[in-house]
Structure formats: structure tokens, C-alpha cells
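Subject: Structure for you to look at

Hello,

Please find the structure below, with my notes after it. Keep the viewer open while you read.

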Amino acid sequence: MTQSKQLNINPALPVPEKEALLQSKKLLQRIKDVIEEQDGAIGFDQYMSMVLYEPGLGYYSGGSRKFGADGDFVTAPELSSLFSQCLAFQCAQVLVELNSSSILELGAGTGVMARDLMLELEKLALLPEAYFILEVSADLKQRQQELLNESIPHLVDRVVWLDSLPENKFTGLILANEILDALVVKRFKKVSGGFKELKIGLKEDNLFWTEDDADGELGNRLKQLEKELSYSLPENYISEININTKKWLSGLEASLQRGVMLFIDYGYSAADYYHPDRSDGSLLCHYRHHVHSDPFFYPGLQDITTSVNFTDVAECADSLGLHVQGYTNQAYFLFGCGLEKLLTDIASLDIKSHTEITQQVRKLTMPEEMGERFKVIALTKDLEPGLIGFSIMDQRNRL
Ligand SMILES: C[S@@+](CC[C@H](N)C(=O)[O-])C[C@H]1O[C@@H](n2cnc3c(N)ncnc32)[C@H](O)[C@@H]1O
């Protein structure tokens, strides 16, 4: 095992409140204890799991603000109801096809997508039997309950919060917006003649990147990856890999009797993800609307994400017997679902509302905003018809 670059607290980022600092210190101590217990280093996947999900202290399991102007980032459903309204049109097409069906949303954030989706489906007289929310964060679950109780009291009895996937198979849709990017990954580096796993070690009370041989499953997966890419990654190339996609998907597959999974997230095909020019991976940290790449900055107080390898998602789905029904970018998906229809009346709006909506559409669909970087993939089980979201452009040939 060798030690490499040390990362310190970035002085350009805002300093957290006292209470948050104390919480981060506690988590850091726990991480240090685990590193010591494990002979001096832990994989990045274990580190990511602790900083995001350590009970009571992790980013998603603690009480930090996360969303909105005073949080760390803004997601598409937070940005505009138009996003969830379009998604509702896609759900409606599936709900018409399937009798007595439900929706399961993974990681519902503040609950806005659930609210806007249900309101649109109510207008279409196509409400699901149940709207399940699987949320790992107790704090977000409480925020979702408050929002939905307040904003859609007449629909809230359909909402069922789950701590794990439903025990009984259900028919319907599984929706996940910006969930796959939060799943833990391993980090690796190409070296002469092989790969190293980038781990996190401890020296004089500081977290360090360290290198260890990439063996076992990781080593095999990286060898396989290079074969599939049909080129050798350059020396010192660093990137990430999720070696648990299939396991994660198989849990979802097992809970779906019939229907569709729709995943929306930022990411690429494998060829773009592991393009030789993308030589430092896609690891990003979000803290109070600052984006940076230092995962050691106040553990537990910032979001840590990586882009999604959609080729991997498609291949794992295929091996589980799911059908990859469509893949496209967010802009084509929203227009395919009927975004234009939602905009027919905007000319009659006052100038302020008109400008607001125009800006929202811009952010959701322009290539330099979310339109191109965010992708949508649909995986179906025993469901024949093509989906409207992929009717304008289906890019499965890019996977
Ligand atoms: C970036 S937020 C996205 C929230 C919401 N979907 C949105 O678009 O605003 C990630 C969400 O996923 C949840 N989450 C993280 N890991 C999860 C997992 N393995 N299963 C289900 N939810 C998860 C978090 O608690 C949080 O609600």
C-alpha cells in the first residue's frame, strides 16, 4: 500500500455552523476508528457509505438542509413543476396499460416530485392505488410528510413510506430521480501493468488517498471493463466503478411484478464515462451550491456523487431479464412526454410568470444546463408498448 496526495480543508468553501462542525467531527472520529480497525485503509465505497449514510451522522441520515437555496443543490423537480408534470404524462401512459397499479419513488428528497406528480395524475383521473416512497433519510422522510400533509391532504392516504423494498411484488412504476448518482462506488487508478484501488488512509490525524492492489471482484471487473472498451486506459487514469449495480437492480426487479423502472440522472454511456480524456473520474461534492472535488471536506456535511454509467445499468438490466425500453437525454424525454403542451398558455401570463417559466424550461432542457447531461433510461418487465418519453429520440444505440 502506498500513500499519495493529502487533501486538506478547502479554504474557499463556506465554514459550517458550530453544531454541524461538531457532528462532522463525530463522524470523522468514527471513520478514523474504522480505518484503524481495518489495518489502516478503507475503500472509497466504504468511506462514501459512511459520509452519506452513517446513522444519525451521514449526509443523508443526519439533519442537514440539502435542498433549495439554503441547501447544497437543486434538482429538476425542485426547479420546476413542469418536470414532474411531464413525468406524470409518462406515468399516465403506463398506468392506462396496467390495471390496478402503484408507483414506487426511490429517495423522494423534499417530496415535491410526489406532490406534483400526484396532482397531475389526479387531473388525468389516473391516480395510482398506492404511492410508495422508499426513503433512507429520516430527516427527509419527515420533510416529505410535512409537505404532502400540507399540500395534498386529500391524497396523502395513498402515500406509504417504506424503509425497505416492498415485500410483495407490485405492478406499476419505479421512479428514481438523482438516486443512482448517490450509490457508492469504488475508485481506481490505472498503473503500468494493472490497476490500483484508491483507498482512504490515515496519517497524523489526516485522511489520505492511498493505493492498494485492485484484487478480487474489483480487479476482475476492471480487466473486463478494458476488454469491453476495446482500448487500454492510459497510465495514471483515475475513475470510479459501481460494482453493485446488478445487486441493486435485482432487488428492484424482484419487487416488480410487471411495469417499468425510470431512472433519471447525470451520466454517460461507458465509452464516454471511461473516455481517455476523462482522466480524473466524475467524483463531485456539493456544498452550499459550491461544486468541488474534495471528498474529505467536512465529512457528512456535503453531498458526494459520481456520474452514472448507463451502459452498466443497461447490461445489468439485460442480464436480469429486464428489457431496456428506451434511453435518451432529459430534453428529448420531457418534450417526448409533452412539455410543449404544458407551455401552450404561457403567452397569456404576466411578464414575471412568463419569464420564470421560460427560465425553468431553459434550465431543464438546454444542452449546457440539464438537457444533455441528464439522461433517462427505461427498463421494462412484461410491458410491450413503446414509451412516449422516448418517442422523439431513442439513443439506446449509444449504450
Ligand atoms: C439527490 S437526492 C434526490 C432527491 C429527489 N429524488 C429529487 O430529485 O429531488 C437523493 C435522495 O435519495 C435518497 N437516497 C440516497 N440513497 C438511496 C438509496 N440507496 N435508496 C433510496 N433512496 C436513497 C436520499 O435520501 C435523497 O432523498
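By class, how many nonpolar, polar and charged residues does the shell around the ligand have? The shell has eleven nonpolar, five polar and two charged residues. Here Ala, Val, Leu, Ile, Met, Phe, Trp, Tyr, Cys and Pro count as nonpolar, Asp, Glu, Lys and Arg as charged, and the others, Gly among them, as polar.

Before the rest, note that this is a predicted model, in which local features need pLDDT of at least 70 and side-chain atom pairs count only at pLDDT 80 or more, while totals for chains, interfaces and linings use all residues. Residues are numbered from 1 along each chain as its sequence is written, and side-chain values use heavy atoms, with hydrogens and water left out.

The ligand

There are 18 residues around the ligand, and Tyr-53, Thr-75, Gly-107, Glu-135 and Asn-177 come nearest. A residue is near a molecule if one of its heavy atoms lies within 4 Å of it. Some of the neighbours make polar contacts (a pair of N or O atoms within 3.5 Å; within protein, one must be able to donate a hydrogen and the other to accept it, and residues adjacent in sequence count only if both atoms are side-chain atoms). Tyr-53 has a polar side-chain atom 2.7 Å from a nitrogen atom of the ligand. A backbone N or O atom of Gly-109 is 3.2 Å from a ligand oxygen atom, and a polar side-chain atom of Glu-135 is 2.4 Å from an oxygen atom of the ligand. Taken alone, the ligand exposes 590 Å², and the protein buries 94% of that. These areas come from the Shrake-Rupley method with a 1.4 Å probe; for residues, only the protein chains shown count as cover.

Helix α10

Helices (H or I, at least four residues) and strands (E, at least two) are DSSP runs, numbered from the N terminus. Helix α10 covers residues 310-319, and seven of its ten residues are buried. Buried means under 20% relative accessible area, exposed over 50%, and partly exposed in between (1.4 Å probe, protein chains only). The buried residues of α10 include Phe-310, Asp-312 and Cys-316. At the start of the helix, a side-chain oxygen of Asn-309 comes within 3.1 Å of the backbone nitrogen of Thr-311. After α10 comes Gly-321, with a positive phi near 85°.

Two loop residues

Most residues other than glycine have a negative phi. Ser-100 has a positive phi, near 35°, and sits in the loop between α4 (81-97) and β3 (102-106). Asp-205 also has a positive phi, near 70°; its loop runs between β8 (194-203) and β9 (206-213). Are these residues buried or exposed? Ser-100 counts as exposed because its relative accessibility is 51%, and Asp-205 counts as exposed at 54%.

Other residues

His-292 belongs to strand β13 (residues 290-292) and is buried, at 9% relative accessibility. A polar atom of the His-292 side chain lies 3.0 Å from the backbone nitrogen of Asp-294. Glu-150, in helix α6 (residues 138-151), is exposed because its relative accessible area is 70%. Its C-alpha atom is 20 Å from that of Gly-107, 43 residues away along the chain. Val-34 is in helix α1 (residues 18-37) and is buried, at 15%.

Regards
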